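Subject: Structure for you to look at

Hello,

I am passing this structure on to you. Below it are my notes on what was found.

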Amino acid sequence: MTETESIAYDVVVLGAGPVGENVADRTRAAGLSTAVVESELVGGECSYWACMPSKALLRPVIARADARRVPGLRQAVQGPLDAPAVLAHRDYYTSHWKDDGQVAWLDGIGADLYRGHGRLAGPRTVTVEGADGTQVLTARHAVAVCTGSRALLPDLPGLDQVKPWTSREATSAQAVPGRLVVVGGGVVATEMATAWQALGSQVTLLVRGKGLLPRMESFAGEMVAEALTEAGVDVRTGTSVASVTREGSTVVAVTGAGDRIEADEILFATGRAPRTDDMGLDTLGLEPGSWLEVDDSLRVTGSDWLYAVGDANHRALLTHQGKYQARIAGAAIAARAAGVPLLESDPWGAHAATADHSAVPQVVFTDPEAAAVGLSLAEAEQAGHRVRAVDVDMASVAGAGLYADGYRGKARMVVDINREILLGVTFVGPGVGELIHSATIAVAGQVPISRLWHAVPSYPTVSEVWLRLLEAYRD
C-alpha cells in the first residue's frame, strides 16, 4: 500500500466489536461494499475483556452456589473452586485473546478489514494508520462510529504508579489476588466482587453511594449487597477513596474517613468514557472525546452520513443494545442508500431504535442475579406516568422452592394504570436472568394486562411468578 492510495466504499465502519460487526453484516446483506477498521482485536471489548470473560468467570461461581442449595447435591460441592480450571475456561471463551475466528467471519460476509487506528479526516473520509503506512478510505453513503467505550479512572494523585485494575485486568488476570479492593457499586463492581471472592480473594467493596446497582430498583442492590456480605465480601457503602499508593507489592487505599485498606490489587469500576478522543471529530466541528448525539436511526445530529452506534452515543451501554442499534442503523443506511423512505413515523419500525428509550433489558450475573427491563418505579414517576408497582416474593412460587432450598428473591412490575400495560419489570433471585426476556417482550410489545392473563406459565417453573404478579395487581 502507498501512503496516497485511496479506496472508496459504500460504508466505512470504525470499530470491529459486536456493534461494528453487526453494522457491517447488515450493510453487506444489503449489497453495500463495506470496510471495517480496527486497532485492536476483531470482536472488541465484549469478546475479550467484558461480556464473555466475565460470564465465563461467573458461571462456575453461580453453578456452585445453586448446587449448594439443592438437597442431595449440597455436600458434593462444598470444596473450593478449581481456580486454574476456571481461568482456563475463561481463556477458552476469549479464544486466548486471538481473533482469527472473528476475522474469518468478517471475511465470510465480504467485508474488508483494515488494521490500524482510524480517524475521520473530513466529510466521508477516514484515514487508517497501520503497520503498512497510512491508508485513505472514502464512504459513498455512511461512516459508522462503533468505537465503544473505555474504563474511566478517577483523578487521584499517583494512580498511574499504582497500576490499578480496570474491567480489562479484572476479566483477564492470570492469577487470583489474595486481597482485592473493588471501587464502585455498579455492574462491573458487583460481578467482579462476586467472581473473585468465590475464586479465593478477600474482597473489600467500596461504594461511594448509598447502595449497589443504583440504576435498578433499590431492593435489587440491597439483596445483592446482603448476599455479597454473606459470601465474605466486606461491603462498605458511603465510602470514597481519598488516595491510593503502592508500597512494594501492596496497594494501600485510604478512604475519605481515613481508614487504611491494604490489598494486592485494586479495581476501579467507576464509569465509562467514549473512545472518541483521538479519531478526528474536530475535522467535522465535533468535540474530541465526546459522546455523540444521534437520532433514533443512529445518525449523528446535524449530519446526513455520520452514524454513531453502540456505546459511543451513550444511549444504552450494553452489548446487546448496541447490537440492536447496529441492526437499526444498518437498515437505515441501506434504505437511504437505496432512496427508500424510512419508516420514521413508526416508533417500532425497522429504522427506529425505540427500545433504547423504553425497553432496555439488563442482567447482572451476581448471586442472586438481578434482571430488569424498562423503567423503574422512580423513573416512571419522574416521567409523569400514573403508575402502580406490584411486588411479589418469588419464594411464593412452587418452582422457586424446587429450584433451591431457601430461595430468596423479589419481583416487581410497574404498571401504567391509564393504559394497563407494563412500563418496567425487575426480578432478583437465582436464575432470574432467563426470565427477563419474557418481561422484555411484554414491555416492548406493550402487551395489555388483560392479554397477559392468557399467557399461561408452565407449572412448576419459576416463571409462574408472572401469575402471582397478575393476581397481586388484580387484588
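Met-52, Tyr-92 and Tyr-93 make a nonpolar surface patch of about 330 Å². Such a patch is made of residues with over 30% relative accessible area and no salt bridge, where nonpolar side chains (Val, Leu, Ile, Met, Phe, Trp, Tyr) are joined within 5 Å and like charges within 9 Å. Accessible areas come from the Shrake-Rupley method with a 1.4 Å probe, and for residues only the protein chains shown count as cover. Met-52 is in helix H3, residues 51-67; helices (H or I, at least four residues) and strands (E, at least two) are DSSP runs, numbered from the N terminus. Met-52 is partly exposed because its relative accessibility is 36% (buried means under 20% relative accessible area, exposed over 50%, partly exposed in between, with a 1.4 Å probe and protein chains only).

Two remarks on the source. This is a predicted model, in which local features need pLDDT of at least 70 and side-chain atom pairs count only at pLDDT 80 or more, while totals for chains, interfaces and linings use all residues. Residues are numbered from 1 along each chain as its sequence is written, and side-chain values use heavy atoms, with hydrogens and water left out.

Next, the second largest pocket. Its volume is about 570 Å³. Of the 20 residues that line this pocket, Ala-65, Arg-69, Ala-227, Ala-231 and Asp-367 are the closest to its centre. On a 1 Å grid over the protein atoms alone, a pocket is an open set of points with protein on both sides within 12 Å along at least five of seven lines, where a 1.4 Å probe fits, and lining residues have an atom within 4 Å of a point. Grid points are joined across faces, edges and corners, and the volume is the space filled by probe spheres set on the points. Helices H3, H8 (187-199) and H9 (218-231) each supply at least two residues of the lining. H9 gives the largest share, six residues. By type, the lining divides into ten nonpolar, three polar and seven charged residues (Ala, Val, Leu, Ile, Met, Phe, Trp, Tyr, Cys and Pro count as nonpolar, Asp, Glu, Lys and Arg as charged, and the others, Gly among them, as polar).

Asp-367, one of the residues closest to the pocket centre, also takes part in a cis peptide bond: it is joined to Pro-368 with omega about 10 degrees. Pro-368 lies in the loop between strand E17 (361-364) and strand E18 (369-374). The peptide bond from Tyr-459 to Pro-460 is cis as well, with omega near -5 degrees. Pro-460 is placed in the loop between helix H15 (449-452) and helix H16 (465-474).

On to the charged pairs. The count comes to 31 salt bridges, a salt bridge being a side-chain nitrogen of Lys or Arg within 4 Å of a carboxyl oxygen of Asp or Glu. In one of them the side chains of Arg-90 and Asp-91 meet at 2.7 Å, N to O, and both residues are buried. Another joins the side chains of Arg-412 and Glu-217 at 3.0 Å, N to O. That pair links distant parts of the chain, 195 residues apart: Arg-412 is in strand E20 (residues 410-416) and Glu-217 in the loop between strand E9 (202-206) and H9. Both Arg-412 and Glu-217 are buried.

Asp-296 and Arg-315 form a further salt bridge through their side chains, at 2.8 Å, N to O. Asp-296 lies in the loop between strand E15 (272-274) and strand E16 (306-308), and Arg-315 in the loop between E16 and helix H10 (319-338), so the pair ties together parts that are 19 residues apart in sequence. Asp-296 counts as partly exposed because its relative accessibility is 27%. There is also a network of salt bridges that links Arg-179, Glu-247, Arg-260, Glu-262 and Asp-264.

Ser-95 is not a glycine, yet has a positive phi of about 55 degrees. Trp-97, also not a glycine, has a positive phi of about 60 degrees. Ser-95 is in the loop between helix H4 (83-93) and helix H5 (100-109), and Trp-97 is in the loop between H4 and H5 too. Ser-95 is partly exposed, with a relative accessible area of 42%, and Trp-97 is partly exposed at 22%.

Regards
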